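Here are some friendly notes to read alongside the model. Take the points in order and find each residue as you go.

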Amino acid sequence: CEFCQRGDDVLCTRMKLMGEHVDGTFAQWLSVPVENLFPMPAHLDFVQAAALGVNYLTAWRMLFTRAQLKPWETVLVFGVGGGVSLAAMQLAASIGARVIVTSREDDKLQRALALGAHEAINGRTEEVARRVMALTDGRGVDVVVENVGEAVWASAMKSLVRGGRLVTCGATSGDQPPADLKRIFIRQLQIIGSTSGNAAEFRELLAYVERHGITPVIDSVYPLAAIHEALDRLESGSRMGKVGLALQPSG
Ligand SMILES: [Zn+2]
């Protein structure tokens, strides 16, 4: 299609994701097009490497292709308990950006701080935008990474510096927040959509992860026979990071 021809296969009108449009990934063997195969970073085992394909690729495109985050900038990541948010926090911190995270759970904020976040805000007990302004001397952040949607949209918009960028890849709490158009044009904000990433970005991500020794956060690993326990864990609120299925000895 037009989009594949210009190298933006992530915009392909016929794009399909394994696990979403195609069944059969919880299996010992599966068949994929050869151009979808990439070498694993040497320091990762199979479960860790498998974690890169969705959350880390999505975060990579959001931060670096779409929002053009720079090492001297400050980024606010909402809902750090979520997979893409956690990946965005790790990747943004690894380039030297200042990273502020939010969560409604204190233990997740503590873990995020241990994993490289610089400041943590509890969205249940604190007013996020007000706290962001206090942390940035009234300036606001350059980039907001967001996939919660309606529940945090107003705080996200109010946390941005003039000319700031908000990049979104989801809307788990609702997809129709007020647009707040006056704020968008007067403060010249950019609202940027993003989904997944293309093959070139995945190649960049893999090289970057290997060069910088980045290890994806794995919550727990189950054998295929315990798939139902794994899915229960996936749905549990206390989870942080990926739930892995070990299909063969890893490493
Ligand atoms: Zn196409």
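1. Let's begin with the inside. In this predicted model, the largest nonpolar core has 41 residues. Leu63, Val75, Leu91, Val101, Val145 and Leu205 have the most contacts inside this core.

2. Which elements build this core? At least two residues each come from α3, β1 (74-77), α4 (83-94), β2 (98-103), α5 (106-114), β4 (141-146) and α9. The most is given by α3, with 8 residues.

3. Now pick out Leu91. Setting aside neighbours within four places in sequence, Leu91 is in contact with Tyr56, Ala59, Trp60, Leu63, Phe64, Leu205, Tyr208 and Ile214. There is also a second, separate core of 17 residues, and Ile100, Val132, Val141 and Ala156 are among them.

4. Next, look at how two helices meet. Helix α3 (residues 52-66) packs against helix α9 (residues 199-212) at an angle of about 100°, with the axes 10 Å apart. The two helices are therefore roughly perpendicular to each other, because angles of 65 to 115 degrees count that way.

5. Who makes this contact? From α3 the residues include Tyr56, Leu57 and Trp60, and from α9 they include Phe202, Leu205 and Tyr208. The contact residues of α3 and α9 divide into 9 nonpolar, 2 polar and 3 charged.

6. Finally, visit the zinc ion. Its protein donors are the SG atoms of Cys1, Cys4 and Cys12, lying 2.2 to 2.3 Å from the ion, and their spacing along the chain is C-x2-C-x7-C. Is Cys12 buried or exposed? Cys12 counts as buried because its relative accessibility is 16%, under the 20% cut-off. Cys4, with a relative accessible area of 34%, is partly exposed.

Conventions: Residues are numbered from 1 along each chain as its sequence is written. This is a predicted model: local features need pLDDT of at least 70, side-chain atom pairs count only at pLDDT 80 or more; totals for chains, interfaces and linings use all residues. Side-chain values use heavy atoms; hydrogens and water are left out. Axes are lines fitted to C-alpha atoms, for helices over the stretch in contact, and angles run from 0 to 180 degrees between N-to-C directions. Helices (H or I, at least four residues) and strands (E, at least two) are DSSP runs, numbered from the N terminus. Angles under 35 degrees count as roughly parallel, over 145 as roughly antiparallel, 65 to 115 as roughly perpendicular and the rest as oblique. Contact means heavy atoms within 4.5 Å. Ala, Val, Leu, Ile, Met, Phe, Trp, Tyr, Cys and Pro count as nonpolar, Asp, Glu, Lys and Arg as charged, and the others, Gly among them, as polar. Donors are N, O and S atoms within 2.8 Å of the metal (3.2 Å for Na, K and Ca); water is not among the atoms, so sites may look incomplete. Buried means under 20% relative accessible area, exposed over 50%, partly exposed in between (1.4 Å probe, protein chains only). A nonpolar core is a set of buried Ala, Val, Leu, Ile, Met, Phe, Trp, Tyr and Cys residues joined through side-chain atoms within 4.5 Å.
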